[in-house]
Amino acid sequence: MPGQTIGKHAIVIGAGMGGLAAAGALAGHFEQVTVLERDRLPSHAVPRLGAPQSRHLHVLLPGGQRALSDLFPYFEQDLIGAGSVPLRMLRDFRMEIPGVGALPQRDFGWFLYCGTRPLIELITRRQVERLTNVTIRQGCAAFLLTAAFDGTMVTGVICEDADGEDETLAADLVVDATGRASPTLALLGSTGQKHPEEIVIGIDLRYTTTMFAIPKDRSTEWDTPADWIGVGTWPPAPDRSHAGYLMPIEGKRWMATFSGQNGLRPPADPEGFLCYARQLNTPTIYNAIKNAERTAGFERYFLPASIWRRFDRLGTFPRGLLPIGDSICRFNPVYGQGMSVAAQEARLLNQILKGRAAKPDPLAGLAAAFFSKSLPIIEGPWNMSAVPDLAYPDTRGDRPPDFEKHLQYNRALFKAAILHADVHRRLAEVQQLLAPPDILKTPYIEGLVQMELAQMTSNPRRLVQ
Ligand SMILES: Cc1cc2nc3c(=O)[nH]c(=O)nc-3n(C[C@H](O)[C@H](O)[C@H](O)COP(=O)(O)OP(=O)(O)OC[C@H]3O[C@@H](n4cnc5c(N)ncnc54)[C@H](O)[C@@H]3O)c2cc1C
């Protein structure tokens, strides 16, 4: 329940991961928060129409887990109670990187709780339902933002409610968590305001996903340390984009997702799927699934591009409106960052609102403050995912001038991480969104990377392992 509030009513459009986290952030600052969701929300962990990606592998990185736990104190406890599989990073996770090798499975002492996206979302929704001043209205589609005539101030939302009736809701703040920023872009367009510049990396990413029962001998092994519980086989870019991920989920199952980019389409039939597994850079996943019982059909997904809408570069932005999550930036999902970034943005929003509570007009300039402070949350993951995607010649997007050097540097960094546990830990913290990339910029780490770079130049075979 709110203490000192800064407004009467806030509306969140969308009850996906970004919208739910935002509702948690707003609950302490507004008398009432309403979440509008066009879907009927399932009472158990099953995929739904408005989040078609929920049929595919979703890893909640420790950085996102921490942000959700900061917003919702029972989040982790409830996720564990709901049957998610604890995976000790990186001891239980085998990360296979072509040109580098399998990273050592060192135990850094933090856990990833693995489950399906519907389970993660359901547990997050349950946290929001505990907040007595938040109402989730399902089957309720927002179709227009109401605003002052010149569009400089948003005053509410017109939605179609569950009975098909139009309704106008007034609000001091509207958070656009629709995943596509459609309400925000429509308002900017209809009131003659500038649309944000979009940075687009055209990846033409295709996913195929299915599930397997984890063979008995493996599941009993979990009581004692096994070789690995989850595995990721990265693609040998730029030659081929075949990638595979096998992660445990609730119900003693593995979710297997294969991806391909720029025209490569992982098959969606039993033989083709296994054949694709054989084409991965290592036989690890093929060996794990070749005799495993498949428990689901095949699901496909196509994502043409990663998109970053640079709201931060607009000089002005309507008061009372804030996009969040995928509405700002949609990442290539193979790096598992989207939910975590959305959760970290929501945690930031909570901090910003706390800091503004005593101001005479706390909502003035909120969007500008949020956009500038959320830049580091987005920039690190964006660089980690978009830059490697540009390694494929067919990927559309602007390559930085020192692109080749950047790729070589990254390979050398991974090599240094294999050799030095302290470098590995820092690299893992950055990849898991627990720390910003700056923690890798120390003279010690840069020195080790330079040594690796020198070795790679004098002996290029070190790259091919
Ligand atoms: C194939 C795939 C795999 C992914 N894997 C991962 C992963 O491993 N790890 C990870 O962290 N992220 C992953 N992501 C990204 C992740 O799904 C998103 O980043 C995350 O869901 C962002 O949440 P969001 O709330 O911004 O958008 P969404 O989760 O898409 O939610 C938007 C919600 O808004 C609702 N909505 C839309 N329009 C309206 C309207 N007009 N009125 C009312 N409601 C509306 C929709 O029904 C939906 O519920 C993956 C994405 C894809 C496509």
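## Helix packing

A crossing of two helices is left-handed if the near helix is turned anticlockwise from the far one by less than a right angle, and right-handed if clockwise. The crossing of H1 and H9 is right-handed. Helices (H or I, at least four residues) and strands (E, at least two) are DSSP runs, numbered from the N terminus.

The model is predicted: local features need pLDDT of at least 70, side-chain atom pairs count only at pLDDT 80 or more, and totals for chains, interfaces and linings use all residues. Residues are numbered from 1 along each chain as its sequence is written, and side-chain values use heavy atoms, without hydrogens and water.

## H1 against H9

H1 spans residues 17-26 and H9 spans residues 338-356. Their axes (lines fitted to C-alpha atoms over the stretch in contact) lie 8 Å apart, at an angle of about 20°. The two helices are therefore roughly parallel (angles under 35 degrees).

Contact means heavy atoms within 4.5 Å. H1 contributes residues including Met17, Ala21 and Leu26. H9 contributes, among them, Met339, Ala346 and Leu353.

## A three-stranded sheet

Three strands form an open sheet in the order S8-S9-S10, with antiparallel pairing. Two strands pair if DSSP finds at least two bridges between them. S8 (141-147) and S10 stand at the edges with a single partner strand each, so one side of each has no neighbour in the sheet. The twist averages 25° from one strand to the next.

S9 (residues 154-160) and S10 (residues 166-170) pair over five bridges. Glu160 has Asp166 as its bridge partner. Ile158 stands opposite Thr168. Five residues lie between the strands, and Gly164 takes a positive phi near 80° in this hairpin.

Definitions and conventions. Axes are lines fitted to C-alpha atoms, for helices over the stretch in contact, and angles run from 0 to 180 degrees between N-to-C directions. Angles under 35 degrees count as roughly parallel, over 145 as roughly antiparallel, 65 to 115 as roughly perpendicular and the rest as oblique.
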